[in-house]
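Subject: Structure handover and notes

Dear colleague,

Please find the structure below, followed by my notes on it. I would be glad if you could read them with the structure open beside you.

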Amino acid sequence: MLEVAGVSKLYARRAVVREVSLKVAPGECLGVIGPNGAGKTTLFNLLDGTARLDGGAILLDGNDIGRLPQHRRAQAGIGRAYQVPRPFSGLSVHENVLAGVMHGPRLHGAAARARVAEILETVGLSDRRATLAGALPLMDRKRLELARAISVGSRVLLLDEIAGGLTEGEVLQLIEVVKRLKPGRAVLWIEHIAHALMAAADRLAVLHFGELVAEGAPEPVMHSALVQEIYLGIAVDDALDS
Ligand SMILES: Nc1ncnc2c1ncn2[C@@H]1O[C@H](COP(=O)(O)OP(=O)(O)OP(=O)(O)O)[C@@H](O)[C@H]1O
Ligand SMILES: [Mg+2]
């Protein structure tokens with residue numbers, strides 16, 4: 001169980017994440033939405049140790065990991081996938097994932113190969129195992145990015161706008177992959193594509209100016225007056241700017 005307890009982050013004395021509290025259980029996907037600059041990515045940076053906490057605590061199965069350096073958070077079970085995949089381009093798909101299972105769960109030999117095969121099956125890359133990562137089309141690089149994120153044994157999976165650049169059909173495939181990653185993992189997914197979160201998320205959290213302003217079942221949150229107003233407000237501002 002991941003428990004985020006009143007975390008805050010200041011940049012130039014401005015709170016970009018302000019006392020945010022959340023709980024995400026294994027097997028659950030929390031969709032995270034909010035306008036540009038709302039603090040979504042910063043929240044993830046606090047969770048994986050990319051950014052230092054200015055307040056609050058991050059508990060994973062009751063242990064406070066909020067002050068651990070990034071590599072220790074990864075060891076503790078925090079995994080992350082980025083919008084722009086970062087594989088080892090010169091290594092095969094199999095080797096990329098093997099590096100993760102050797103580094104994280106420290107598996108070797110047949111056990112490592114079996115674990116890699118299982119992960120590639122989960123993300124739908126079994127038939128690409130020998131392909132060089134650098135030669136994969138975008139959708140398969142996204143699959144590999146997810147495979148690498150779970151290969152180290154992550155129990156919390158942070159997905160930050162991973163659908164970027166995909167076609168509509170590919171987004172549907174990605175949703176299916178994310179759903180397959182849920183068992184045994186707490187998944188947090190930032191995405192601007194509403195239907196993707198409606199399909200994969202069990203709950204939605206809404207950030208606005210660094211604050212958690214709504215949380216609950218996807219349907220009512222997405223259609224709430226508050227969320228409509230937040231996004232409408234952005235549209236109006238954009239209209240005024242142009
Ligand atoms: N390293 C940093 N130094 C200073 N300010 C930062 C830093 N990182 C983020 N910010 C500021 O914090 C605020 C929140 O940014 P963040 O990237 O978390 O937003 P976001 O919700 O992920 O937005 P988007 O939807 O555009 O990705 C923004 O005002 C941003 O400019
Ligand atoms: Mg962001």
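Helices (H or I, at least four residues) and strands (E, at least two) are taken here as DSSP runs and numbered from the N terminus. With that numbering, α1 is followed by glycine 49, whose phi is positive, near 90°. This is a predicted model, in which local features need pLDDT of at least 70, side-chain atom pairs count only at pLDDT 80 or more, and totals for chains, interfaces and linings use all residues. Residues are numbered from 1 along each chain as its sequence is written, chains are lettered from A and ligands numbered from 1 in the order in which they are written, and side-chain values use heavy atoms, with hydrogens and water left out.

Helix α1 itself is mostly covered, since eight of its nine residues are buried, where buried means under 20% relative accessible area with a 1.4 Å probe and protein chains only. Among these buried residues are Lys40, Thr42 and Asp48.

α1 also provides the largest share of the shell around ligand 1, namely three residues. Of the 13 residues around this ligand, Arg14, Gly37, Lys40, Thr41 and Thr42 come nearest, a residue being near if one of its heavy atoms lies within 4 Å. An oxygen atom of ligand 1 is 2.7 Å from an N or O atom in the side chain of lysine 40, and for the side chain of threonine 41 the corresponding distance is 2.8 Å. Taken alone, ligand 1 exposes 640 Å², of which the protein buries 61% (Shrake-Rupley method, 1.4 Å probe).

A polar atom of the asparagine 96 side chain lies 2.8 Å from the backbone nitrogen of phenylalanine 88. Leaving aside residues up to four places away in sequence, asparagine 96 touches Pro87, Phe88, Leu91, Ala133, Leu144 and Arg148, contact meaning heavy atoms within 4.5 Å.

Leu144 belongs to the largest nonpolar core, which has 45 residues, and is one of those with the most contacts inside it, as is Leu174. Such a core is a set of buried Ala, Val, Leu, Ile, Met, Phe, Trp, Tyr and Cys residues joined through side-chain atoms within 4.5 Å. A second, separate core of 27 residues includes Val7, Leu53, Ile78 and Leu188.

With best wishes

Definitions and conventions
A polar contact is a pair of N or O atoms within 3.5 Å; within protein, one must be able to donate a hydrogen and the other to accept it, and residues adjacent in sequence count only if both atoms are side-chain atoms. Buried means under 20% relative accessible area, exposed over 50%, partly exposed in between (1.4 Å probe, protein chains only).
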